[in-house]
Amino acid sequence: MKQSGKLPRSSLGSLALIVAVLGGGAAAFAYSAGWLSPGRLTPGRMIEALAPPGGAPPGYRRNHAKGICFTGVFEANGNGVELSRAKAFAQGRYPALGRFNLGTADPNAVDATVRVRGLGLMISPAEGEEWRTAMINPPVFAVSTPQAFHDLLLAAGSKNPEAMKAFVGANPEFAGFASWAKTAPWTGSYAEEPYNGLNSFIFTNASGAEHAVRWSLLPSAKPIPISKAELDERGPDFLEQEITERVRTAGPQRWTMLVTVADPSDPTADPSKAWPQGRRTVEVGTLVVQRIEPERDGPCRDINFDPTVLPPGMRVSDDPFPAARSSVYRKSYDLRTAEAKDYPRNKAAKP
């Protein structure tokens, strides 16, 4: 994907606003613990950069703070075993738990103001394996490195009107995300969004063959574009209300999981670069969302959707972001669980 690094000056202000509520899998990126050293990024510094001007609301995730839980199943069709020996790909139905969310550190954000929508997912086959992943709706990530993401957050929050211009000039890959954010249609439902795992992982099958892959969830519901003006007229929490009512009245919602296999020349360390069209894809199963529950008392509340929690047959690649995300996810989890009294449940936690 070739993108120009130059953006019109008039666009920089709107892009800063987009970045202020940017997230997705972007929630809390920093260097992994093995990289930490004086002057380098730490989980704490990244969380500080993610915090809104008034500070992080205690008890909530430090990004993707607004969300709603779901439970359901992952129906594996068996095709995935050619790529990975993970039990989640053997034909069968496995428990799935997840969270629809918005890419913002503000749990009270108005839905129509947040461009990035996300889905955290945990699939739990028998024999104790778990596969956790966090996906977002843009087709590419905003930047190519954790350091650049930190710089982006600082530029977006800066009072210096030249900060974003300087950032864009230094990070031309941002143009791909910026184009999506400005031109992609909005929808009125979490059920109509695709969710993309933009990071690269390595799958190993039963024969020991390895494949570099990325995955996506493609909705069965037909996306219906709506205008930003129409979104603005809806309530501040319309996405949670809509998905709750949709599942209640129309029944379970489905997404096809598609795994894309890289060619040897494809970049695996840079989630801002899309792989070329025409790469081999394998449909490995269907996510079925059966039940929606508010997060405050829901089963996803205390789940850390750490993308490095992987079953045998999957491992991280040379992409630095999964390890980076893991380190900050842990920090965020520790902070919010220590602040549970500030975000009290309405009822006793489920065992």
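Author: A pair of aromatic rings is described by the distance of the centres and the angle of the planes. Rings of Phe, Tyr and Trp (its six-membered ring) pair if their centres lie within 6.5 Å; planes under 30 degrees apart count as stacked, over 60 as edge-to-face and the rest as tilted. This is a predicted model, in which local features need pLDDT of at least 70 and side-chain atom pairs count only at pLDDT 80 or more, while totals for chains, interfaces and linings use all residues. Residues are numbered from 1 along each chain as its sequence is written, and side-chain values use heavy atoms, with hydrogens and water left out.

Reader: How many aromatic pairs does this rule give?

Author: The count is 16 aromatic pairs. In one of them, the ring centres of Phe141 and Phe321 are 5.3 Å apart and the planes stand at 75°, so this pair is edge-to-face.

Reader: Why is the pair of Phe201 and Trp215 stacked?

Author: The centres of these two rings, Phe201 and Trp215, are 4.9 Å apart and their planes lie at 25°, so the pair is stacked. Phe201 has 4% relative accessibility and therefore counts as buried; Trp215, at a relative accessible area of 2%, is buried.

Reader: Which residues do ring pairs link into a cluster?

Author: The cluster consists of Phe70, Phe100, Tyr190, Tyr195 and Trp255, linked by ring pairs.

Terms used. Buried means under 20% relative accessible area, exposed over 50%, partly exposed in between (1.4 Å probe, protein chains only).
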